[in-house]
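The exercises below concern side-chain contacts and ring packing. Work through each with the structure open, then read the solution.

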Amino acid sequence: MTIPRPYETLRALGILLIMLAAASPCHAPAGETPEQAVLPQVALEHLDAQAERLDRLHAVVVAQRGEIRLERAYGGPGVDRPANIKSLSKTVLAALVGAAIEEGVLDSPDQPVAELLGDMVPADADPRVREITVGHLMSLQAGLERTSGGNYGAWVASPDWVRDALSRPFVDEPGGRMLYSTGSSHLLSAALTRASGESTLALARRLLGKPLNITIPAWPRDPQGIYFGGNDMRLSPRALVQIGELYRNDGVIDGTRVLPDGWVEASWQPRGTSPWTGDGYGYGWFVTTLADERVYYGRGFGGQALYVIPERELTVAITADPHPPSPGGQFQQELHALVEGMLEAK
């Protein structure tokens with residue numbers, strides 16, 4: 001049967017349209033532009049070139065939708081070897097608290113920490129200590145005098161870090177302004193140890209290491225043997241990406257819920273404000289905007305950082321030289337610029 005020429009032309013046009021659709025370089029989900037869906041290679045090349053200029057930088061790993069798009073080691077132990085992540089440990093510890101709540105080890109962020117610490121609370125402690133909750137410690141709103149900054153040396157030199165932190169005077173009410181204090185994070189580690197009957201290391205390996213398939217080496221402990229809460233954990237950049245991906249995927253990894261339903265949203269809700277950057281702070285995460293995108297990040301001394309950009313389905317882990325002298329907040333701004341430049345590159 002001979003097809004009339006007009007119909008033959010229409011059929012050819014239809015076939016051409018189907019071929020063009022199949023050859024489309026990016027199939028974006030509804031409501032998402034192609035530019036948002038796939039990070040262009042030029043953006044990764046831009047980040048790589050800028051990162052090479054930062055002498056202190058050790059490694060960068062970028063994942064999109066769970067796929068590694070870039071991993072480079074510029075120095076240090078590399079992308080798959082443990083690195084001291086300094087105070088980025090606070091972000092990991094907050095994840096562990098969430099996993100412990102999901103497991104039933106802890107009740108909720110509203111649980112009073114004194115209830116968990118028991119006789120570790122000094123008998124002569126200010127009564128307001130009993131108002132401090134697990135959530136207050138994660139958001140650094142305990143109200144107690146800081147153990148970081150100028151007080152850090154005396155605190156870690158004390159014979160009992162938990163007692164020292166709880167014996168400090170109140171400079172605000174529990175739930176008040178953000179007071180960056182590693183002592184608050186260390187109280188979380190002590191509470192996890194007492195509540196679970198396991199060390200914080202064992203708990204982290206069981207509740208985070210196993211489901212995320214990451215290695216969590218031992219890190220320093222206080223004089224009582226409690227693993228340091230909020231500092232000196234050692235994780236590889238690849239392991240950090242897995243922590244970030246856990247949050248990007250709303251607390252679920254490979255179909256298994258690790259963090260409670262709603263935990264990520266609660267963690268990324270600003271509860272206090274950093275006095276140095278003006279960024280919001282939730283449960284172990286800072287909240288900011290880069291290249292008009294909402295960005296959540298954790299940070300540590302010397303340039304350790306973990307970024308999650310949900311709208312772009314991106315997770316970025318960065319490690320750097322953790323040794324003094326500190327490069328200060330200016331270096332963190334340079335890391336922000338790396339991420340922002342990647343997001344803006346076309």
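**Exercise 1.** Which residues does Thr-288 touch, not counting residues up to four places away in sequence?

Solution. This is a predicted model. Beyond the excluded neighbours, Thr-288 touches Asp-279, Glu-293, Arg-294, Val-295 and Tyr-297. Thr-288 itself belongs to strand β9, residues 286-290.

**Exercise 2.** Decide whether Thr-288 is buried or exposed, and find the side chain with which the side chain of Thr-288 makes a polar contact.

Solution. Step one: the relative accessible area of Thr-288 is 11%. The cut-off for buried is under 20%, so Thr-288 is buried. Step two: the polar contact joins the side chain of Thr-288 to that of Asp-279, at 3.2 Å.

**Exercise 3.** Classify the aromatic pair formed by Tyr-297 and Tyr-307, and state which strands hold the two residues.

Solution. Step one: the structure holds 14 aromatic pairs. In the pair of Tyr-297 and Tyr-307, the centres are 5.7 Å apart and the planes make an angle of 25 degrees. Planes under 30 degrees apart count as stacked, so this pair is stacked. Step two: Tyr-297 is in strand β10 (residues 293-300) and Tyr-307 is in strand β11 (residues 304-309), so the pair ties together parts ten residues apart in sequence. Step three: Tyr-297 is buried at 1% relative accessible area, and Tyr-307 is buried at 0%.

**Exercise 4.** Which residue lies over the face of Tyr-283, and which residues form one aromatic cluster with Trp-155?

Solution. Arg-271 lies over the face of Tyr-283, 4.1 Å from the ring centre. The aromatic cluster consists of Tyr-152, Trp-155, Trp-161 and Phe-228.

Note on methods
Residues numbered from 1 in each chain as written. Predicted model: local features only at pLDDT ≥ 70, side-chain atom pairs only at ≥ 80, totals over all residues. Heavy atoms only, no water. Phe/Tyr/Trp six-rings, centres within 6.5 Å; stacked < 30°, edge-to-face > 60°. Helix = DSSP H or I, 4+ residues; strand = E, 2+ residues; numbered from the N terminus. Buried < 20%, exposed > 50% of the residue type's maximum accessible area, 1.4 Å probe, protein only. Lys NZ or Arg CZ within 6 Å of the ring centre and 35° of its normal. Polar contact = N/O pair within 3.5 Å; in protein donor to acceptor, adjacent residues only side chain to side chain. Contact = heavy atoms within 4.5 Å.
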